[in-house]
Amino acid sequence: MQQHQRIGLMGGTFDPIHCGHLEMAALARRELGLQQVYFVPVGNPPHKRVARNESCARAQMVQRAIAHEPAYSMLDLELKRSGYTYSIDTLRQLHALQPQSAWVYIIGTDTLLELDTWRDFAHVAQLCTFFAVRRLGICEGEVAQKCAQLAVRFGARISVSQAYAAPISSTQVRARIAAGKSWQDMVPAAVKAYIEAHGLYQQSVDYAEDFARVAPRVQRALSPRRWEHTLGVVETAEELARRFGCDVHKARLAALVHDCAKEIRGEDACKLAAQMHITFDAEMRAMPKLWHGPLGAGVAYYRYNIEDEDILAAVYYHSTGRRGMSKLEEIIKLADMIERGRSFAGLASLREISKRDLDAAVIACLENTHGYLRINGHRCSSASLEAVAYLEEKQARSAHTLS
Ligand code: ATP
Ligand code: MG
(Lines give C-alpha, C1' and ligand atoms only; values in the text may rest on other atoms or scores of the structure.)
(Ligands and ions follow the chains in the order given, each with its own letter.)
Protein backbone atom coordinates (compact mmCIF):
# COMPACT_ATOMS: atom_id res chain seq x y z
CA MET A 1 0.00 0.00 0.00
CA GLN A 2 1.23 3.47 -0.92
CA GLN A 3 2.53 5.53 1.97
CA HIS A 4 0.51 8.58 3.03
CA GLN A 5 2.29 11.74 2.12
CA ARG A 6 1.64 14.73 4.36
CA ILE A 7 1.27 17.93 2.36
CA GLY A 8 1.04 21.44 3.75
CA LEU A 9 -1.58 23.81 2.34
CA MET A 10 -0.88 27.51 2.58
CA GLY A 11 -4.09 29.27 1.68
CA GLY A 12 -3.99 33.05 1.55
CA THR A 13 -4.95 36.17 -0.27
CA PHE A 14 -1.26 36.83 -0.88
CA ASP A 15 -1.93 40.46 -1.72
CA PRO A 16 1.10 40.44 -1.79
CA ILE A 17 2.86 37.28 -0.58
CA HIS A 18 5.49 38.30 2.01
CA CYS A 19 8.41 36.88 4.01
CA GLY A 20 6.07 35.97 6.91
CA HIS A 21 4.23 33.55 4.59
CA LEU A 22 7.48 31.89 3.53
CA GLU A 23 8.57 31.60 7.16
CA MET A 24 5.28 29.88 8.00
CA ALA A 25 5.83 27.28 5.30
CA ALA A 26 9.43 26.76 6.46
CA LEU A 27 8.29 26.38 10.09
CA ALA A 28 5.66 23.84 9.08
CA ARG A 29 8.22 21.81 7.17
CA ARG A 30 10.70 21.95 10.02
CA GLU A 31 8.32 21.27 12.89
CA LEU A 32 6.11 18.70 11.15
CA GLY A 33 8.59 17.25 8.65
CA LEU A 34 6.34 17.97 5.62
CA GLN A 35 7.80 17.03 2.26
CA GLN A 36 5.76 19.51 0.27
CA VAL A 37 3.78 22.70 0.64
CA TYR A 38 1.16 23.86 -1.84
CA PHE A 39 0.43 27.58 -1.96
CA VAL A 40 -3.22 28.22 -2.78
CA PRO A 41 -4.12 31.84 -3.59
CA VAL A 42 -7.72 32.37 -2.66
CA GLY A 43 -10.12 33.39 -5.44
CA ASN A 44 -12.94 35.38 -3.93
CA PRO A 45 -13.00 34.96 -0.14
CA PRO A 46 -16.37 35.56 1.54
CA HIS A 47 -14.79 37.32 4.55
CA LYS A 48 -12.58 39.82 2.76
CA ARG A 49 -12.58 42.22 -0.17
CA VAL A 50 -9.82 41.49 -2.64
CA ALA A 51 -10.38 44.41 -4.93
CA ARG A 52 -6.87 45.73 -4.85
CA ASN A 53 -5.35 43.24 -7.14
CA GLU A 54 -6.37 40.98 -9.85
CA SER A 55 -5.90 37.33 -9.10
CA CYS A 56 -3.36 37.18 -11.86
CA ALA A 57 -0.92 39.56 -10.15
CA ARG A 58 -1.30 37.76 -6.82
CA ALA A 59 -0.59 34.41 -8.48
CA GLN A 60 2.39 35.83 -10.38
CA MET A 61 3.91 37.08 -7.13
CA VAL A 62 3.38 33.72 -5.41
CA GLN A 63 5.03 31.92 -8.31
CA ARG A 64 8.04 34.23 -8.22
CA ALA A 65 8.36 33.95 -4.44
CA ILE A 66 8.50 30.13 -4.43
CA ALA A 67 10.32 29.53 -7.73
CA HIS A 68 13.63 28.65 -6.05
CA GLU A 69 12.18 26.02 -3.71
CA PRO A 70 11.39 22.60 -5.26
CA ALA A 71 9.29 21.54 -2.24
CA TYR A 72 6.84 24.39 -2.93
CA SER A 73 4.28 24.67 -5.68
CA MET A 74 1.26 26.79 -6.44
CA LEU A 75 -2.25 25.54 -7.11
CA ASP A 76 -4.62 27.83 -8.98
CA LEU A 77 -7.76 25.80 -8.35
CA GLU A 78 -9.40 28.47 -6.17
CA LEU A 79 -8.60 31.20 -8.67
CA LYS A 80 -10.44 29.27 -11.37
CA ARG A 81 -13.57 28.75 -9.29
CA SER A 82 -16.46 31.17 -9.78
CA GLY A 83 -18.43 32.71 -6.90
CA TYR A 84 -17.08 32.80 -3.37
CA THR A 85 -14.29 30.35 -2.62
CA TYR A 86 -14.53 28.11 0.39
CA SER A 87 -11.78 25.88 1.78
CA ILE A 88 -14.18 22.97 2.08
CA ASP A 89 -14.50 22.82 -1.74
CA THR A 90 -10.71 22.96 -2.13
CA LEU A 91 -10.19 20.14 0.35
CA ARG A 92 -12.81 17.98 -1.36
CA GLN A 93 -11.13 18.58 -4.71
CA LEU A 94 -7.68 17.74 -3.32
CA HIS A 95 -8.95 14.55 -1.67
CA ALA A 96 -10.38 13.47 -5.01
CA LEU A 97 -7.16 14.31 -6.89
CA GLN A 98 -4.72 12.81 -4.36
CA PRO A 99 -6.61 10.35 -2.17
CA GLN A 100 -3.40 9.01 -0.64
CA SER A 101 -2.27 12.34 0.78
CA ALA A 102 -2.90 13.74 4.23
CA TRP A 103 -3.46 17.50 4.32
CA VAL A 104 -2.16 19.98 6.87
CA TYR A 105 -3.72 23.40 6.61
CA ILE A 106 -1.14 26.02 7.62
CA ILE A 107 -2.72 29.11 9.16
CA GLY A 108 -1.78 32.01 11.43
CA THR A 109 -3.15 32.18 14.98
CA ASP A 110 -5.37 35.10 13.92
CA THR A 111 -7.10 32.79 11.46
CA LEU A 112 -7.25 30.06 14.12
CA LEU A 113 -9.45 32.32 16.26
CA GLU A 114 -11.91 32.60 13.37
CA LEU A 115 -11.86 28.99 12.13
CA ASP A 116 -15.36 28.16 13.30
CA THR A 117 -16.71 30.83 10.94
CA TRP A 118 -15.48 28.76 7.96
CA ARG A 119 -18.24 27.18 5.92
CA ASP A 120 -18.98 23.61 6.97
CA PHE A 121 -16.11 23.63 9.44
CA ALA A 122 -17.13 20.29 10.95
CA HIS A 123 -16.42 18.67 7.60
CA VAL A 124 -13.24 20.71 7.02
CA ALA A 125 -11.92 19.43 10.36
CA GLN A 126 -12.32 15.85 9.15
CA LEU A 127 -10.50 16.43 5.89
CA CYS A 128 -7.35 18.06 7.25
CA THR A 129 -5.31 18.81 10.34
CA PHE A 130 -4.14 22.33 11.20
CA PHE A 131 -0.79 23.86 11.97
CA ALA A 132 -1.26 27.31 13.47
CA VAL A 133 1.77 29.58 13.34
CA ARG A 134 2.02 32.03 16.23
CA ARG A 135 1.48 35.62 15.21
CA LEU A 136 2.36 38.65 17.32
CA GLY A 137 -0.53 40.50 18.93
CA ILE A 138 -2.60 37.37 19.51
CA CYS A 139 -3.17 36.41 23.14
CA GLU A 140 -1.78 32.92 23.85
CA GLY A 141 -4.44 32.13 26.43
CA GLU A 142 -7.09 32.76 23.79
CA VAL A 143 -5.28 30.47 21.33
CA ALA A 144 -5.09 27.59 23.83
CA GLN A 145 -8.76 28.01 24.72
CA LYS A 146 -9.81 28.07 21.07
CA CYS A 147 -7.81 24.90 20.23
CA ALA A 148 -9.49 23.05 23.09
CA GLN A 149 -12.94 24.32 22.12
CA LEU A 150 -12.52 23.36 18.43
CA ALA A 151 -11.25 19.91 19.42
CA VAL A 152 -14.30 19.28 21.60
CA ARG A 153 -16.91 20.77 19.25
CA PHE A 154 -15.57 19.58 15.90
CA GLY A 155 -12.87 17.02 16.62
CA ALA A 156 -10.37 19.48 15.06
CA ARG A 157 -6.74 18.39 15.25
CA ILE A 158 -4.59 21.47 15.70
CA SER A 159 -0.95 21.93 16.61
CA VAL A 160 0.56 25.34 17.32
CA SER A 161 4.07 26.33 16.22
CA GLN A 162 6.86 26.73 18.76
CA ALA A 163 8.14 29.90 17.11
CA TYR A 164 6.56 33.09 15.83
CA ALA A 165 6.77 33.99 12.15
CA ALA A 166 8.09 37.46 11.27
CA PRO A 167 5.54 40.11 12.26
CA ILE A 168 4.55 41.10 8.72
CA SER A 169 1.14 41.31 7.07
CA SER A 170 0.08 42.08 3.53
CA THR A 171 -2.07 44.93 4.85
CA GLN A 172 1.03 46.44 6.41
CA VAL A 173 3.07 46.04 3.22
CA ARG A 174 0.33 47.76 1.18
CA ALA A 175 -0.01 50.59 3.70
CA ARG A 176 3.73 51.16 3.86
CA ILE A 177 4.09 51.30 0.07
CA ALA A 178 1.24 53.82 -0.15
CA ALA A 179 2.72 55.92 2.65
CA GLY A 180 6.21 55.92 1.12
CA LYS A 181 7.69 54.08 4.13
CA SER A 182 10.22 51.26 3.77
CA TRP A 183 8.70 47.89 2.89
CA GLN A 184 11.27 46.30 0.61
CA ASP A 185 12.66 43.86 3.20
CA MET A 186 9.22 42.49 3.99
CA VAL A 187 8.82 40.62 0.71
CA PRO A 188 11.11 38.31 -1.26
CA ALA A 189 13.34 40.13 -3.79
CA ALA A 190 11.44 38.77 -6.80
CA VAL A 191 8.15 40.04 -5.34
CA LYS A 192 9.67 43.45 -4.66
CA ALA A 193 10.77 43.62 -8.30
CA TYR A 194 7.26 42.66 -9.49
CA ILE A 195 5.56 45.26 -7.29
CA GLU A 196 7.92 47.96 -8.49
CA ALA A 197 7.68 47.00 -12.14
CA HIS A 198 3.87 47.10 -12.03
CA GLY A 199 3.55 50.10 -9.69
CA LEU A 200 1.27 48.15 -7.33
CA TYR A 201 -0.30 49.42 -4.10
CA GLN A 202 0.16 53.14 -4.67
CA GLN A 203 -3.32 54.16 -3.53
CA SER A 204 -3.31 55.66 -0.05
CA VAL A 205 -4.91 53.97 2.95
CA ASP A 206 -8.65 54.44 3.14
CA TYR A 207 -9.52 54.69 6.84
CA ALA A 208 -13.21 54.03 6.15
CA GLU A 209 -12.28 50.81 4.35
CA ASP A 210 -10.00 49.91 7.25
CA PHE A 211 -12.90 50.45 9.65
CA ALA A 212 -15.05 48.00 7.69
CA ARG A 213 -12.20 45.47 7.64
CA VAL A 214 -11.46 45.66 11.36
CA ALA A 215 -14.94 46.17 12.91
CA PRO A 216 -16.22 42.57 12.69
CA ARG A 217 -12.95 41.28 14.11
CA VAL A 218 -13.04 43.63 17.08
CA GLN A 219 -16.69 42.79 17.69
CA ARG A 220 -15.86 39.07 17.82
CA ALA A 221 -13.04 39.74 20.29
CA LEU A 222 -15.18 41.77 22.74
CA SER A 223 -18.08 41.06 25.06
CA PRO A 224 -21.45 42.51 23.93
CA ARG A 225 -21.26 45.10 26.71
CA ARG A 226 -17.84 46.38 25.66
CA TRP A 227 -18.84 46.35 22.00
CA GLU A 228 -21.81 48.59 22.87
CA HIS A 229 -19.44 50.95 24.67
CA THR A 230 -17.09 50.89 21.68
CA LEU A 231 -19.91 51.85 19.30
CA GLY A 232 -20.77 54.73 21.64
CA VAL A 233 -17.16 55.94 21.58
CA VAL A 234 -17.08 55.69 17.77
CA GLU A 235 -20.21 57.82 17.50
CA THR A 236 -18.99 60.44 19.99
CA ALA A 237 -15.46 60.55 18.55
CA GLU A 238 -16.98 61.22 15.12
CA GLU A 239 -19.08 64.08 16.53
CA LEU A 240 -16.10 65.60 18.35
CA ALA A 241 -13.87 65.25 15.28
CA ARG A 242 -16.41 67.18 13.18
CA ARG A 243 -16.82 69.81 15.88
CA PHE A 244 -13.13 70.41 16.54
CA GLY A 245 -11.71 69.83 13.05
CA CYS A 246 -9.98 66.45 13.09
CA ASP A 247 -9.97 63.63 10.50
CA VAL A 248 -13.33 61.93 11.11
CA HIS A 249 -12.32 58.55 9.69
CA LYS A 250 -9.15 58.40 11.76
CA ALA A 251 -11.17 59.27 14.87
CA ARG A 252 -13.69 56.51 14.11
CA LEU A 253 -10.94 53.92 13.58
CA ALA A 254 -9.07 54.92 16.76
CA ALA A 255 -12.32 54.71 18.72
CA LEU A 256 -13.06 51.29 17.24
CA VAL A 257 -9.85 49.77 18.59
CA HIS A 258 -9.34 51.86 21.74
CA ASP A 259 -10.47 49.05 24.10
CA CYS A 260 -9.47 46.07 21.92
CA ALA A 261 -7.20 44.68 24.67
CA LYS A 262 -9.33 45.61 27.68
CA GLU A 263 -10.65 42.12 28.25
CA ILE A 264 -7.19 40.55 28.32
CA ARG A 265 -6.11 40.47 31.95
CA GLY A 266 -3.69 38.96 34.49
CA GLU A 267 -1.22 36.39 33.24
CA ASP A 268 -2.52 36.67 29.65
CA ALA A 269 -1.90 40.42 29.65
CA CYS A 270 1.66 39.95 30.99
CA LYS A 271 2.44 37.37 28.32
CA LEU A 272 0.97 39.51 25.57
CA ALA A 273 3.04 42.52 26.67
CA ALA A 274 6.23 40.42 26.70
CA GLN A 275 5.40 38.93 23.28
CA MET A 276 5.03 42.41 21.77
CA HIS A 277 8.09 43.76 23.64
CA ILE A 278 6.02 46.27 25.59
CA THR A 279 7.64 47.12 28.91
CA PHE A 280 6.10 48.97 31.85
CA ASP A 281 7.93 51.14 34.38
CA ALA A 282 7.45 50.57 38.14
CA GLU A 283 4.47 52.92 38.30
CA MET A 284 2.67 51.22 35.40
CA ARG A 285 3.45 47.77 36.80
CA ALA A 286 1.53 48.79 39.91
CA MET A 287 -1.49 49.93 37.85
CA PRO A 288 -2.72 46.99 35.75
CA LYS A 289 -5.94 48.86 34.94
CA LEU A 290 -3.89 51.14 32.70
CA TRP A 291 -2.23 48.37 30.70
CA HIS A 292 -4.96 48.08 28.11
CA GLY A 293 -3.92 51.36 26.45
CA PRO A 294 -0.38 50.23 25.51
CA LEU A 295 -1.53 46.63 24.93
CA GLY A 296 -4.38 47.88 22.74
CA ALA A 297 -1.95 49.89 20.61
CA GLY A 298 0.18 46.73 20.19
CA VAL A 299 -2.84 44.62 19.26
CA ALA A 300 -4.10 47.33 16.88
CA TYR A 301 -0.73 47.30 15.16
CA TYR A 302 0.07 43.59 15.05
CA ARG A 303 -3.36 41.99 14.97
CA TYR A 304 -5.44 44.57 13.14
CA ASN A 305 -2.56 45.92 11.05
CA ILE A 306 -3.18 49.58 11.75
CA GLU A 307 -0.03 51.51 10.85
CA ASP A 308 -1.08 55.08 11.48
CA GLU A 309 1.01 56.52 14.31
CA ASP A 310 -1.59 59.11 15.41
CA ILE A 311 -4.19 56.39 15.81
CA LEU A 312 -1.79 54.11 17.70
CA ALA A 313 -0.84 56.96 20.06
CA ALA A 314 -4.52 57.76 20.68
CA VAL A 315 -5.08 54.13 21.71
CA TYR A 316 -1.86 53.94 23.74
CA TYR A 317 -2.64 57.03 25.84
CA HIS A 318 -6.42 56.91 25.97
CA SER A 319 -6.72 56.09 29.66
CA THR A 320 -4.00 58.39 31.00
CA GLY A 321 -3.53 61.18 28.50
CA ARG A 322 -0.03 62.67 28.44
CA ARG A 323 1.98 65.86 28.14
CA GLY A 324 1.80 67.04 24.51
CA MET A 325 -1.27 65.01 23.65
CA SER A 326 -2.61 65.53 20.11
CA LYS A 327 -6.12 66.62 19.17
CA LEU A 328 -6.96 63.04 18.17
CA GLU A 329 -5.70 61.79 21.56
CA GLU A 330 -7.89 64.35 23.30
CA ILE A 331 -10.91 63.35 21.25
CA ILE A 332 -10.57 59.65 22.05
CA LYS A 333 -9.93 60.38 25.74
CA LEU A 334 -13.04 62.54 25.92
CA ALA A 335 -15.27 60.31 23.78
CA ASP A 336 -14.40 57.37 26.03
CA MET A 337 -15.67 59.32 29.05
CA ILE A 338 -18.83 60.93 27.68
CA GLU A 339 -20.23 58.39 25.17
CA ARG A 340 -23.99 57.72 25.32
CA GLY A 341 -23.69 54.63 27.56
CA ARG A 342 -21.89 56.35 30.46
CA SER A 343 -23.44 57.53 33.70
CA PHE A 344 -21.57 59.07 36.62
CA ALA A 345 -21.65 62.21 38.75
CA GLY A 346 -20.50 65.24 36.78
CA LEU A 347 -21.15 63.73 33.35
CA ALA A 348 -23.75 66.33 32.31
CA SER A 349 -21.30 69.15 32.94
CA LEU A 350 -18.52 67.33 30.98
CA ARG A 351 -20.90 66.94 28.03
CA GLU A 352 -21.75 70.64 28.23
CA ILE A 353 -18.10 71.75 28.20
CA SER A 354 -17.34 69.34 25.34
CA LYS A 355 -19.76 71.29 23.14
CA ARG A 356 -17.49 74.33 23.10
CA ASP A 357 -13.93 73.70 24.36
CA LEU A 358 -11.93 70.52 23.77
CA ASP A 359 -8.99 71.29 26.09
CA ALA A 360 -11.26 72.41 28.92
CA ALA A 361 -13.40 69.28 28.52
CA VAL A 362 -10.37 66.97 28.65
CA ILE A 363 -9.05 68.77 31.75
CA ALA A 364 -12.46 68.43 33.42
CA CYS A 365 -12.62 64.79 32.46
CA LEU A 366 -9.15 64.01 33.85
CA GLU A 367 -9.94 65.91 37.03
CA ASN A 368 -13.17 64.03 37.44
CA THR A 369 -11.19 60.76 37.30
CA HIS A 370 -8.54 62.10 39.68
CA GLY A 371 -11.25 63.07 42.18
CA TYR A 372 -12.77 59.61 41.96
CA LEU A 373 -9.41 57.91 42.43
CA ARG A 374 -8.52 60.04 45.46
CA ILE A 375 -11.85 59.40 47.18
CA ASN A 376 -11.22 55.68 46.75
CA GLY A 377 -7.68 55.89 48.08
CA HIS A 378 -5.94 55.27 44.72
CA ARG A 379 -3.06 57.15 43.16
CA CYS A 380 -3.35 59.08 39.91
CA SER A 381 -0.85 58.17 37.20
CA SER A 382 1.87 60.74 36.62
CA ALA A 383 1.06 60.76 32.89
CA SER A 384 -2.47 61.98 33.58
CA LEU A 385 -1.29 64.62 36.09
CA GLU A 386 1.13 65.83 33.43
CA ALA A 387 -1.66 65.87 30.86
CA VAL A 388 -3.67 68.24 33.06
CA ALA A 389 -0.66 70.50 33.64
CA TYR A 390 0.09 70.52 29.91
CA LEU A 391 -3.47 71.38 28.88
CA GLU A 392 -3.69 74.12 31.52
CA GLU A 393 -0.45 75.65 30.26
CA LYS A 394 -1.82 75.42 26.71
CA GLN A 395 -5.00 77.22 27.76
CA ALA A 396 -3.04 79.91 29.60
CA ARG A 397 -0.85 80.42 26.52
CA SER A 398 -3.82 80.86 24.22
CA ALA A 399 -5.54 83.21 26.71
CA HIS A 400 -2.33 85.25 26.79
CA THR A 401 -2.13 85.37 22.96
CA LEU A 402 -5.74 86.47 22.74
CA SER A 403 -5.43 89.26 25.34
P1 ATP B 1 -3.84 40.56 5.09
O2 ATP B 1 -3.11 41.57 5.89
O3 ATP B 1 -4.28 41.03 3.76
O4 ATP B 1 -4.91 39.85 5.87
P5 ATP B 1 -1.95 38.48 5.67
O6 ATP B 1 -0.58 38.97 5.84
O7 ATP B 1 -2.72 38.15 6.92
O8 ATP B 1 -2.76 39.46 4.73
P9 ATP B 1 -3.09 36.31 4.28
O10 ATP B 1 -2.94 36.12 2.81
O11 ATP B 1 -4.37 36.76 4.85
O12 ATP B 1 -1.87 37.27 4.74
O13 ATP B 1 -2.55 35.06 5.07
C14 ATP B 1 -2.80 33.73 4.83
C15 ATP B 1 -2.55 32.99 6.14
O16 ATP B 1 -1.25 33.27 6.63
C17 ATP B 1 -3.52 33.40 7.24
O18 ATP B 1 -3.90 32.23 7.96
C19 ATP B 1 -2.69 34.30 8.13
O20 ATP B 1 -3.10 34.20 9.47
C21 ATP B 1 -1.30 33.71 7.97
N22 ATP B 1 -0.21 34.68 8.14
C23 ATP B 1 0.12 35.68 7.31
N24 ATP B 1 1.19 36.34 7.75
C25 ATP B 1 1.57 35.75 8.90
C26 ATP B 1 2.63 35.99 9.84
N27 ATP B 1 3.47 37.00 9.68
N28 ATP B 1 2.70 35.18 10.92
C29 ATP B 1 1.82 34.17 11.10
N30 ATP B 1 0.80 33.90 10.25
C31 ATP B 1 0.67 34.68 9.17
MG1 MG C 1 -4.80 38.01 7.01
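Helices (DSSP runs of H or I, at least four residues) and strands (E, at least two) are numbered from the N terminus. The views show a predicted model, in which local features need pLDDT of at least 70 and side-chain atom pairs count only at pLDDT 80 or more, whereas totals for chains, interfaces and linings use all residues. Residues are numbered from 1 along each chain as its sequence is written, chains are lettered from A and ligands numbered from 1 in the order in which they are written, and side-chain values use heavy atoms, with hydrogens and water left out.

View 1. Methionine 61 belongs to helix H2, residues 55–66. Its relative accessible area is 0%, and the residue is therefore buried (buried means under 20% relative accessible area, exposed over 50% and partly exposed in between, with a 1.4 Å probe and protein chains only). Beyond its neighbours within four places in sequence, methionine 61 is in contact with Pro16, Ile17, Val191, Tyr194, Ile195, Leu200 and Tyr201 (contact means heavy atoms within 4.5 Å). Aspartate 15 is joined to proline 16 by a cis peptide bond with omega near 5°, and proline 16 is placed in the loop between S1 and H1.

**View 2. The shell around ligand 1.** Of the 23 residues around ligand 1, those that come nearest are Asp110, Thr111, Ala166, Ser170 and Thr171 (a residue is near a molecule if one of its heavy atoms lies within 4 Å of it). The shell comprises seven nonpolar, 12 polar and four charged residues; here Ala, Val, Leu, Ile, Met, Phe, Trp, Tyr, Cys and Pro count as nonpolar, Asp, Glu, Lys and Arg as charged, and the others, Gly among them, as polar. At least two shell residues come from each of strand S1 (5–12), helix H1 (19–32), strand S4 (101–108), helix H5 (109–112) and helix H8 (170–179).

**View 3. Polar atoms facing ligand 1.** An oxygen atom of ligand 1 lies 2.8 Å from a backbone N or O atom of threonine 13. A polar side-chain atom of histidine 21 is placed 2.9 Å from an oxygen atom of the ligand. On the backbone of isoleucine 168, a polar atom is 3.0 Å from a nitrogen atom of ligand 1. The protein covers 93% of the 590 Å² of accessible area that ligand 1 has on its own (Shrake-Rupley method, 1.4 Å probe).

**View 4. The largest nonpolar core.** This core has 66 residues, of which Val218, Leu256, Val257, Leu295, Tyr304, Ile306 and Leu334 touch the most other members (a nonpolar core is a set of buried Ala, Val, Leu, Ile, Met, Phe, Trp, Tyr and Cys residues joined through side-chain atoms within 4.5 Å). Isoleucine 306 is in contact with Arg213, Leu253, Val257, Ala300, Tyr301, Ile311 and Leu312, leaving aside its neighbours within four places in sequence. Another core, of 36 residues, lies apart from it and includes Ala25, Ala28, Val187 and Tyr201. In soluble globular proteins, nonpolar side chains tend to be buried together.

**View 5. Helix H12 and lysine 250.** Eight of the 10 residues of H12 are buried, so the helix is largely enclosed by the rest of the structure. Its buried residues pack against helix H10 (207–221), helix H11 (224–244), helix H15 (292–302), helix H16 (309–316) and helix H17 (327–338). Lysine 250, which is found in this helix (residues 248–257), counts as buried at 14% relative accessibility. Outside the four places on either side in sequence, lysine 250 is in contact with Tyr207, Asp308, Asp310, Ile311 and Leu328.

**View 6. Arginine 226 in helix H11.** Arginine 226 is located in helix H11 and is buried at 11% relative accessibility. Not counting residues up to four places away in sequence, arginine 226 touches Asp259, Lys262, Glu263 and Arg265. The side chains of arginine 226 and glutamate 263 are joined by a polar contact of 3.0 Å (a pair of N or O atoms within 3.5 Å; within protein, one must be able to donate a hydrogen and the other to accept it, and residues adjacent in sequence count only if both atoms are side-chain atoms).
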